Amino acid sequence: LFCSLLVMIEGCDPREHPDVRQEQQKELLVYSGMTMIKPLLELAKIMEREHDCVVRVTYGGTGHLAKSVRVNQIGDIFFPGDSSFIQPLRQDGLVVDAVTVGVNQAALFVQRGNPLHITASLQELAEPGYHVVLGNEFSGAIGRETKNMLTAAGLYDEVIENVLYMATDSKGLAQAIRHQDADLVINWKAVAFLPENKYEMETLRLPETVAPKHPLQMALLSYSRHVDLARAFLALACSDRGQAIFQHYGFVDEL
């Protein structure tokens, strides 16, 4: 039976199966943080149309994605919610280049209309009368940023005692507000620009001294199989067209 199978395989005539010889489309694999998925998918459609390629996107909490980049060592572009995730990968030779495509900044989010009259202050997160949900520092970029902000303000331990639960990423934090689990969360301010969120929540902006602006960067991975195509994606993200898309979703601002 085994010998017969070999004969059958070797006897296939490519002319009878034209797809055998057809060259597959080149593929890009992009790892993206949850908050940036919508503008990234718009860029992916442009790339596929203009470069005759396939762009596959895997997304989730930035912390989990950074681990995938290290362990799997496949793919072309890493797009974290916080550029601080890129530096360790660069030091280990997994990132060869990075471009800045916008900014990310945290803010407080409350229910639409701010019915509890919460003020734009981190101290409010420690008030026991409020239902507070925060991001997990190990799974998402917003969780790491939240810990950094609260630690700098000397409020981390006090606020953690008041937290109802920890969300994995920015999507989970937005859901906590939309589902009315939380009165107050810290999330990336660009979340308010998403269609499913803009009429469901209110943004309380914090001063830059409390919530610093961070460059939003795309990184080229050292084991990319299609470096020229990946660089074309980075160039598109930095172009006027790309910047218009990021601006639409609230990521373009002055550093």
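A residue counts as buried when its relative accessible area is under 20%. The legends below describe a predicted model.

**View 1. Strand 5 is an enclosed strand with two pairing partners****.** Strand 5 covers residues 106-111. In this strand, 6 of the 6 residues are buried, so strand 5 is largely enclosed by the rest of the structure. Strand 8 (184-188) runs antiparallel to strand 5, and 5 bridges join the two. Here A106 stands opposite W188. Strand 9 (201-204) also pairs with strand 5 in the antiparallel sense, over 4 bridges. In that pairing V110 faces E202.

**View 2. The largest nonpolar core holds 50 residues****.** Four of its members touch the most others: F78, L122, L125 and I186. Strand 5 gives this core its largest share, 5 residues. Take L122 as an example. Leaving out residues up to four places away in sequence, L122 touches L108, M149, L150, A153, L155, I186, L206 and V210. Another core, of 29 residues, lies apart from the largest one. Its members include I46, F79, L216 and Y249.

View 3. Strand 1 (residues 26-33) pairs with strand 2 in the parallel sense, over 8 bridges. Within this pair, G33 stands opposite G60.

**View 4. Helix 8 meets helix 9****.** Helix 8 spans residues 227-238, and helix 9 spans residues 240-248. Their axes come within 4 Å and cross at roughly 65 degrees. From helix 8, L236, A237 and C238 take part in the contact. From helix 9, the partners are D240, R241, G242, Q243 and F246. The contact residues divide into 4 nonpolar, 2 polar and 2 charged.

**View 5. Helix 9 has a buried side and an exposed face****.** Which residues of helix 9 are buried? They are G242, I245 and F246. These residues lie on the same side of helix 9, because they cover an arc of only 95 degrees around the axis. An α-helix has 3.6 residues a turn, so residues three or four places apart point the same way. The cover over the buried residues of helix 9 includes helix 2 (37-51), strand 3 (77-79), strand 4 (95-104), strand 10 (214-221) and helix 8. The face turned away from the buried side carries the exposed residues D240, Q247 and H248. Just after helix 9, G250 takes a positive phi of about 85 degrees.

**View 6. Y199 sits in a loop****.** This loop lies between strand 8 and strand 9. Is Y199 buried or exposed? Y199 counts as exposed, because its relative accessibility is 62%, and the cut-off for exposed is over 50%. Y199 and Y31 are 168 residues apart in sequence. In space, the two are 29 Å apart, C-alpha to C-alpha.

Methods: Residues are numbered from 1 along each chain as its sequence is written. This is a predicted model: local features need pLDDT of at least 70, side-chain atom pairs count only at pLDDT 80 or more; totals for chains, interfaces and linings use all residues. Side-chain values use heavy atoms; hydrogens and water are left out. Axes are lines fitted to C-alpha atoms, for helices over the stretch in contact, and angles run from 0 to 180 degrees between N-to-C directions. Contact means heavy atoms within 4.5 Å. Ala, Val, Leu, Ile, Met, Phe, Trp, Tyr, Cys and Pro count as nonpolar, Asp, Glu, Lys and Arg as charged, and the others, Gly among them, as polar. Buried means under 20% relative accessible area, exposed over 50%, partly exposed in between (1.4 Å probe, protein chains only). The arc is that of the directions from the helix axis to the C-beta atoms. A nonpolar core is a set of buried Ala, Val, Leu, Ile, Met, Phe, Trp, Tyr and Cys residues joined through side-chain atoms within 4.5 Å. Two strands pair if DSSP finds at least two bridges between them.
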